[in-house]
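Have a look at the model first.

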Amino acid sequence: GDKVIFKGRTFTVGQLIAREEGRNSAPVHASVSGPVKAIEPYAAGGRKTTAIRIESDGKMERCADLKIPQPTNLDEFLQCVRESGVVGLGGAAFPVWAKLAAAQKSHIQTVLINGAECEPFITSDHRVMLECGDLIEKGIELLRRFLESEEYIIGIEKNKPDAIEQLTERFKDDPSVKVMPLESVYPQGAKQVLLYNATGKVVGPG
């Protein structure tokens with residue numbers, strides 16, 4: 001019944017189309033404007049999942065309700081991150097709000113910022129660091145404001161010397177941010193490997 005009602009409905013860019021359920025999920029927003037053509041199985045990463053297929057109308061019309069959130073405390077900040085649908089790009093698409101929610105339980109002293117690619121020859125992190133350094137800086141400022149962490153370590157593999165140079169220059173006057181060159185080995189981007197190579201700490205069992 002829901003599928004029949006949903007089909008044919010028109011959405012705009014950024015409009016919420018599916019809410020999350022549970023800790024390891026995130027809301028989904030329309031990436032194009034246009035009508036829903038189908039709700040159908042879609043192969044992703046070797047498994048099939050249910051997908052909402054929107055046929056682009058070519059207009060890329062922006063959702064009128066979109067606005068920049070203005071959180072004033074940690075709880076509001078986490079709620080904004082949750083509602084945004086932002087997820088990690090390492091493959092598992094783990095919700096970012098669920099990672100940051102640890103700050104509600106105890107103080108997070110050190111934040112690791114993962115600039116190591118998850119696979120050899122991928123360059124997405126590299127290009128972000130080179131072209132969007134201002135967004136990385138703004139992101140750290142948000143974490144500093146709401147998590148109140150004292151230390152921020154940006155781990156970058158040594159085969160990206162230009163990214164290391166640019167971010168080192170950007171944060172040269174901020175002693176709380178450290179750009180850490182790492183060996184270019186697989187799987188440097190895995191969180192446990194990055195944690196050990198950047199801080200010498202090991203994730204305990206469980």
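S4 (residues 34–44) and strand S5 (residues 47–54) run antiparallel and share 8 bridges; strands pair here if DSSP finds at least two bridges between them. This is a predicted model, so to speak from the record: local features need pLDDT of at least 70, side-chain atom pairs count only at pLDDT 80 or more, and totals for chains, interfaces and linings use all residues. Numbering starts from 1 along each chain as its sequence is written, and side-chain values use heavy atoms, with hydrogens and water left out.

**Strand pairing**

**Overall make-up**
- The protein has 7 helices and 8 strands, taken as DSSP runs (helices H or I, at least four residues; strands E, at least two) and numbered from the N terminus.
- Its C-alpha trace spans about 55 × 40 × 40 Å along the principal axes.

**Burial and contacts**
- Of the 206 residues, 32% are buried, meaning under 20% relative accessible area with a 1.4 Å probe, protein chains only.
- Among contacts (heavy atoms within 4.5 Å) between residues at least 6 apart in sequence, 58% join residues at least 24 apart.

Terms used. Buried < 20%, exposed > 50% of the residue type's maximum accessible area, 1.4 Å probe, protein only.
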